Amino acid sequence: MRKLKRSATTAVIIAALAGTSAATTTPAAAADYRCTTSTKSIDDAAYSGPWADNWDVTVRLCAKRSGSTVYTYAKISWDGPLYGQVDDSSIFDGAYFKLQIKKSQVGTDPVKKSANYYGIESRLENSDSNANYNGSYTTPVLSYTIGSSRALADGELHLDWNNDGRGYWTHQFSASPAV
């Protein structure tokens with residue numbers, strides 16, 4: 001009995017030294033996310049002056065499956081313009097990223113679960129000390145139990161520019177591969 005206990009303890013120590021735990025290693029943990037990256041140049045609808053005002057936005061939408069559950073997230077990064085004010089909280093009246101889990105099927109893919117992430121607005125309006133608006137935001141993971149159906153991550157950036165009078169503009173990006 002004592003020899004068995006020592007062997008089990010040795011196995012746990014070896015696993016810990018290798019950077020893994022025998023108790024947490026599963027096929028699901030080893031599964032990688034499948035991602036698609038797309039980019040859009042988005043015009044500041046509230047500005048019509050002579051200076052460059054486009055935001056180059058890149059979105060990486062990712063999905064993975066573990067059994068009957070699909071996990072998704074989005075990483076949004078941007079190269080914004082150089083504005084006259086550092087950390088200008090009045091660029092947008094509102095902004096959010098909508099992350100969706102869709103069932104992959106012939107025709108339109110129906111949304112099975114969706115979440116709006118408003119934390120992106122403060123990041124978009126945060127500049128470096130030279131008033132250059134570059135940054136990134138990663139959503140929390142969104143999951144949905146879909147059974148054996150294939151699913152994918154999709155997403156939209158919603159921007160309500162300050163003083164343009166038009167409300168939210170929707171910018172769609174390329175969905176992840178189906179998992």
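## T69 and strand 3

T69 sits in strand 3, which covers residues 69-82. The model is a predicted one. T69 counts as buried because its relative accessibility is 15%, below the 20% cut-off. Its side chain makes a polar contact with the side chain of T145, at 3.4 Å.

Which residues does T69 touch, once those up to four places away in sequence are set aside? They are K64, S143, Y144 and T145.

## V141 and N132

V141 belongs to the loop between strand 6 and strand 7, the latter spanning 142-145. Its relative accessible area is 48%, so V141 is partly exposed. Beyond four places in sequence, V141 contacts Y33, Y71, T72 and Y73. Y73 is 68 residues away along the chain, yet the C-alpha atoms of V141 and Y73 are 4.9 Å apart.

N132 is in strand 6, residues 132-138. N132 is partly exposed, because its relative accessibility is 22%. Apart from neighbours within four places, N132 contacts G80, P81, L82 and S127.

## Aromatic pairs

How many aromatic pairs does the whole structure hold? The search finds nine. One of them joins Y96 and Y118: the ring centres are 4.9 Å apart and the planes meet at 40°, so this pair is tilted. Y96 lies in strand 4 (residues 92-103), and Y118 lies in the loop between strand 5 (111-117) and helix 3 (120-124). The pair therefore ties together parts that are 22 residues apart in sequence.

Y118 is partly exposed, at 48%.

Ring pairs also link W55, Y83, F92, Y133 and W161 into a cluster. F173 has a charge over its ring: the charged end of K40 sits there, 5.8 Å from the ring centre.

## The nonpolar core

The largest nonpolar core has 33 residues. Which members touch the most others? They are W55, V57 and I76. Several elements give two or more residues to this core: strand 2 (55-66), strand 3, strand 4, strand 5, helix 3, strand 6 and strand 8 (151-161). W55 is also a member of the aromatic cluster. In soluble globular proteins, nonpolar side chains tend to be buried together.

## Q100, a buried residue of strand 4

Q100 lies in strand 4. Its relative accessibility is 8%, so Q100 counts as buried. Not counting residues up to four places away in sequence, Q100 touches V111, K113, S114, L152, A153, D154 and E156.

A131 is not a glycine, yet its phi is positive, about 65°. A131 lies in the loop between helix 3 and strand 6. A131 is buried, because its relative accessible area is 4%.

N163 also has a positive phi, near 70°, and is a residue other than glycine. N163 is found in the loop between strand 8 and strand 9 (169-172). Is N163 buried or exposed? N163 is exposed, because its relative accessible area is 69%.

## Overall layout

The protein has three helices and nine strands. From the N terminus, its elements run α-α-β-β-β-β-β-α-β-β-β-β. Of its 179 residues, 35% count as buried.

Take the contacts with a sequence separation of 6 or more: residues 24 or more positions apart account for 68% of them. The protein exposes about 10,200 Å². Carbon and sulfur atoms supply 51% of that area.

Methods. Residues are numbered from 1 along each chain as its sequence is written. This is a predicted model: local features need pLDDT of at least 70, side-chain atom pairs count only at pLDDT 80 or more; totals for chains, interfaces and linings use all residues. Side-chain values use heavy atoms; hydrogens and water are left out. Helices (H or I, at least four residues) and strands (E, at least two) are DSSP runs, numbered from the N terminus. Buried means under 20% relative accessible area, exposed over 50%, partly exposed in between (1.4 Å probe, protein chains only). Contact means heavy atoms within 4.5 Å. A polar contact is a pair of N or O atoms within 3.5 Å; within protein, one must be able to donate a hydrogen and the other to accept it, and residues adjacent in sequence count only if both atoms are side-chain atoms. Rings of Phe, Tyr and Trp (its six-membered ring) pair if their centres lie within 6.5 Å; planes under 30 degrees apart count as stacked, over 60 as edge-to-face and the rest as tilted. A charge sits over a ring if NZ of Lys or CZ of Arg is within 6 Å of the ring centre and within 35 degrees of the ring normal. A nonpolar core is a set of buried Ala, Val, Leu, Ile, Met, Phe, Trp, Tyr and Cys residues joined through side-chain atoms within 4.5 Å. Accessible areas come from the Shrake-Rupley method with a 1.4 Å probe; for residues, only the protein chains shown count as cover.
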